[in-house]
Amino acid sequence: MIIKIDNFSVNCVIGVYDFEKAKSRQILISLEIVFDFNIENNIFHEDKILENDKLSNTIDYDGIVKILQSVSNHKFNLIESICCYCGQLILKQYSQIKICKVCVKKPYAIIAAEVTGVENTFYQNNILKNNN
């Protein structure tokens with residue numbers, strides 16, 4: 001199963017230049033989260049759909065949103081760092097997530113471009129290897 005969150009807006013201090021560090025600005029974060037939906041256990045077989053229609057069978061969006069909102073508590077130089085921060089923290093906190101694709105956009109970072117952004121895909125098995 002894939003959960004998508006598109007263009008979640010967060011204000012944070014982001015940039016390498018002094019004028020960028022003077023105040024917070026908007027960034028947009030999008031996610032594609034691939035997780036184990038227990039399909040192999042047939043919890044969503046046609047006769048069990050309503051019985052298993054529970055938050056505990058999926059990813060609680062509130063927890064993901066709290067991670068994205070926590071970006072505003074930090075100062076970053078690079079949108080690449082925000083991308084890694086979000087991807088790694090999400091995988092560390094949710095072992096059932098197998099893959100997390102993160103896209104971070106900084107509107108009007110370049111005057112002639114509406115949005116400048118970076119994107120990376122994080123894999124649970126890489127996070128687990130790095131923590132051992």
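Select Tyr108 to begin: in this predicted model the residue counts as exposed, because its relative accessibility is 54%, and the cut-off for that class is over 50%. Tyr108 sits in the loop between β4 (97-107) and β5 (115-123). Most residues other than glycine have a negative phi.

Next, select Asn7, another residue that is not a glycine and has a positive phi of about 55°. Asn7 belongs to strand β1 (residues 2-14), and it counts as partly exposed because its relative accessibility is 38%.

Now colour the whole chain by secondary structure, which gives four helices and five strands. Followed along the sequence, these elements run in the pattern β-α-β-α-β-α-β-β-α. If contacts are displayed and those with a separation of 6 or more are kept, residues 24 or more positions apart account for 60% of them.

With the surface still on, turn to the largest pocket, whose volume is about 200 Å³. Of the 15 residues that line the largest pocket, select Gly15, Tyr17, Glu20, Lys106 and Ala109, which are the closest to its centre. The elements that give two or more residues to this lining are α1 (18-21) and α3 (79-93). Coloured by class, the lining of the largest pocket shows eight nonpolar, three polar and four charged residues.

Finally, select the cysteines Cys83, Cys86 and Cys103 and consider their sulfur atoms. How many disulfides does the count come to? The count comes to zero, and the distances for two of these residues can be followed in the viewer. The closest cysteine sulfur to that of Cys86 is in Cys83, 7.5 Å away, which is too far for a bond, given that a disulfide requires the pair of sulfur atoms to be within 2.5 Å. For Cys103 the closest cysteine sulfur is likewise in Cys83, at 7.5 Å, and so too far for a bond. Are these two residues buried or exposed? Cys86 is buried, with a relative accessible area of 0%, and Cys103 also counts as buried, because its relative accessibility is 15% and the limit for this class is under 20%.

Methods: Residues numbered from 1 in each chain as written. Predicted model: local features only at pLDDT ≥ 70, side-chain atom pairs only at ≥ 80, totals over all residues. Heavy atoms only, no water. Buried < 20%, exposed > 50% of the residue type's maximum accessible area, 1.4 Å probe, protein only. Contact = heavy atoms within 4.5 Å. 1 Å grid on protein atoms, 1.4 Å probe; cavity = no way out; pocket = protein on both sides within 12 Å on 5 of 7 lines; lining within 4 Å. Points joined across faces, edges and corners; volume = space filled by probe spheres on them. Nonpolar A, V, L, I, M, F, W, Y, C, P; charged D, E, K, R; others polar.
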